[in-house]
Amino acid sequence: MKTITYNRHAAYEYFILEKYEAGIVLEGSEVKSLRAGNVNLKDSFCFIRNGEITLKNAHIAVYDKAGAFSTKDSNRDRKLLMHSFEIDKIVGKINEKGYTLIPLSLYFSGSLVKVELALCRGKQNYDKKRTIAERDEKRALDRQLKEYRE
């Protein structure tokens, strides 16, 4: 399993509650662009309409050597593939509790491209400040341990 990209912004903005794996429908030139690492998930999100999950605002750069076969829209909506019972379970949670579905990472599973989705709840400003404070404390502790070992 080779990770293509990870959405660090999601971990800062949301509490991650559950994780799911989904396939993604791509064109050949988009897969080549992913292999080159030309992707950004920062502002992307998922929505569910008519029993299908769609990935919105995921930027996959146009592959420069694709020529006439490439899609010119790098931010187009992309369909995600999951079992219908999983989609129904997610829809129930999103409607009931007000959660959202955010892509965490893209990775290769063999020759297939997979998306790791997370059922998330948004953080407030005080939660984000607490996250930053915990991260700074962990860094300081790691530095002290490193100095102590040397």
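I began at asparagine 50, which I found in the loop between strand S4 (45–49) and S5, where strands are DSSP runs of E with at least two residues, helices are runs of H or I with at least four, and both are numbered from the N terminus. What I am reading is a predicted model, in which local features need pLDDT of at least 70 and side-chain atom pairs count only at pLDDT 80 or more, while totals for chains, interfaces and linings use all residues. Residues are numbered from 1 along each chain as its sequence is written, and side-chain values use heavy atoms, with hydrogens and water left out.

I looked up phi for asparagine 50 and noted a value near 55°, positive in a residue other than glycine. Asparagine 50 counts as exposed at 76% relative accessibility, given that exposed means over 50% relative accessible area, buried under 20% and partly exposed in between, with a 1.4 Å probe and protein chains only. I then turned to asparagine 57, in the loop between S5 and strand S6 (59–60), and noted that its phi is also positive, at about 65°, although asparagine 57 is not a glycine. Asparagine 57 counts as partly exposed, at 36% relative accessibility. For background I wrote down that most residues other than glycine have a negative phi.

**The nonpolar cores**

I next looked for nonpolar cores, meaning sets of buried Ala, Val, Leu, Ile, Met, Phe, Trp, Tyr and Cys residues joined through side-chain atoms within 4.5 Å. The largest has 25 residues, and those with the most contacts inside it are Leu34, Leu80, Met82, Leu106, Val113 and Leu117. Two or more residues of this core come from each of strand S2 (14–24), strand S5 (52–56), helix H3 (84–97), strand S8 (100–109) and strand S9 (112–122). S9 gives the largest share of this core, four residues. I also recorded a second, separate core of five residues, with Ala10, Ile102, Leu104 and Ala118 among them.

For leucine 117 I listed contacts (heavy atoms within 4.5 Å), leaving aside its neighbours within four places in sequence, and found Glu18, Lys19, Tyr20, Ala22, Cys46, Leu80, Met82, Leu101, Ile102 and Pro103.

**Serine 105**

Serine 105 has its place in strand S8 and counts as buried at 5% relative accessibility. Apart from neighbours within four places in sequence, I found serine 105 in contact with Thr5, Tyr6, Leu41, Lys114, Val115 and Glu116.

**Cysteines**

I checked for disulfides, taken as pairs of cysteine sulfur atoms within 2.5 Å, and the count came to zero. For cysteine 46, the nearest cysteine sulfur is that of cysteine 120, 9.8 Å away. Cysteine 46 counts as buried at 7% relative accessibility, and cysteine 120 is buried too, with a relative accessible area of 0%.

**The largest pocket**

Last I looked at pockets, each an open set of points on a 1 Å grid over the protein atoms alone where a 1.4 Å probe fits, with protein on both sides within 12 Å along at least five of seven lines, and with lining residues having an atom within 4 Å of a point. The largest pocket is lined by 13 residues, and Gly23, Ile24, Leu112, Val113 and Lys114 lie nearest its centre. S2 and S9 are the elements that give two or more residues to this lining, and S2 gives the most, four residues.
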